Amino acid sequence: MAKSKLIVHNLHKVFQVDEGFGRFSSITAIDNVDLEVSEGELVTIIGPSGCGKSTLLMILAGLYEKSSGDVLLDGTPINGPGLDRGVVFQEFALFPWLSVRNNICFGLKMKGTPVSEHDRIVRHFLKMVKLEEFEKIFPHRLSGGMKQRVGIARAMAYSPELLLMDEPFGALDAQTRTSLQQMLVDIWAETKKTILFVTHSVREAVFLSDRIVVLSRRPSKVRKVIEVRLPRPRQRLSEAFLRHEEELEELIAAELSAESETQEAYPA
Ligand SMILES: Nc1ncnc2c1ncn2[C@@H]1O[C@H](COP(=O)(O)OP(=O)(O)OP(=O)(O)O)[C@@H](O)[C@H]1O
Ligand SMILES: [Mg+2]
């Protein structure tokens, strides 16, 4: 088995919420989550809305503090943002004041990559996301799908150890989404990067993943880990693909119905 890239052990996250008038309440978002991702693996996380998926990714990105537990990347604790991680979030916009090229160069400059290398790297990653012609364009002239492609190029260009993606294709139309899923799989196959990808879409999870981690409703625990052993390129209409989809739908439906029972037991 490949070596563990990312280890999440007993992760717990409680938000303290200021209710005003000196009152505070707490929300437990993550409850003892354990997760291991191997080098070069593509793992997706799926679970009911509000269960803590983005919170988990924000902790891994170093943008939220954990309450307790261990989070290790290559054996080193994650204690803040760093260039060993690349981030592509749905709402994580490009820098609007920078051209496509300079958006991609941003991480390279932060990392201290020699300027003489920038041209080659920018071209290489723009080619990967099929946007070679758009180097000088500013983000406001790009479509949603193009922005996310630049986002992927930007996150990949400085060669992070782990790519964190939080519903990066969630706001796109079905056709663009499907083509970006294929593009991501191609980029992953070429770069052999480790990817942790959050999605709401069962179909997206089955198409992309080596393994799918199903989280429970909040506070999230790992409900089940499903290995997807389907050969690539994956056929979305094959019987085995549809069987995986069905299994996931059932697991998530069970979590959602458990949620509504809880809500009924504690009416507002
Ligand atoms: N900064 C914050 N302060 C307080 N509570 C928060 C904060 N961020 C998230 N939460 C709460 O933590 C819980 C988990 O939120 P999170 O955004 O991680 O869910 P999610 O699984 O990503 O949901 P979705 O699928 O809808 O994106 C929710 O109850 C949310 O209200
Ligand atoms: Mg979210």
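Biologist: What share of the contacts between residues at least 6 apart in sequence joins residues at least 24 apart?
Modeller: In this predicted model, 71% of those contacts in the protein chain do. A pair counts as a contact when the C-beta atoms lie within 7 Å.

Biologist: How do you know whether the radius of gyration agrees with a compact globule?
Modeller: Set the two values side by side. With 268 residues, a compact globule would come out near 18 Å, and the protein chain has 19 Å, so the value agrees.

Biologist: And what makes a residue count as buried?
Modeller: It needs 20 or more other C-beta atoms within 10 Å of its own. By that cut-off, buried residues make up 35% of the protein chain.

Biologist: Why are E6 and E10 said to stand at the edges of the sheet?
Modeller: The open sheet has six strands, in the order E6-E7-E8-E3-E9-E10, and its pairing is mixed. Strand E6 (85-89) and strand E10 (222-227) each have a single partner strand, so one side of each is left without a neighbour in the sheet. From one strand to the next, the twist averages 15°.

Biologist: What makes E6 and E7 a pair?
Modeller: At least two bridges are needed, and five join E6 to strand E7 (residues 162-166), the two running parallel. Val88 stands opposite Met165 in E7.

Biologist: Which element gives the largest share of the shell around ligand 1?
Modeller: H1, with three residues. In total, 13 residues surround ligand 1, with Lys53, Ser54 and Thr55 among the closest. H1 also lies across E7, among other strands, running at about 150° to E7.

How values were computed
Residues numbered from 1 in each chain as written. Chains lettered and ligands numbered in written order. Predicted model: local features only at pLDDT ≥ 70, side-chain atom pairs only at ≥ 80, totals over all residues. Rg over C-alpha atoms; globule rule 2.2 N^0.38 Å. Buried ≥ 20, exposed ≤ 12 C-beta atoms within 10 Å, placed from the backbone. Contact = placed C-beta atoms within 7 Å. Near = placed C-beta within 6 Å. Helix = DSSP H or I, 4+ residues; strand = E, 2+ residues; numbered from the N terminus. Axes fitted to C-alpha atoms, helices over the stretch in contact; angles between N-to-C directions.
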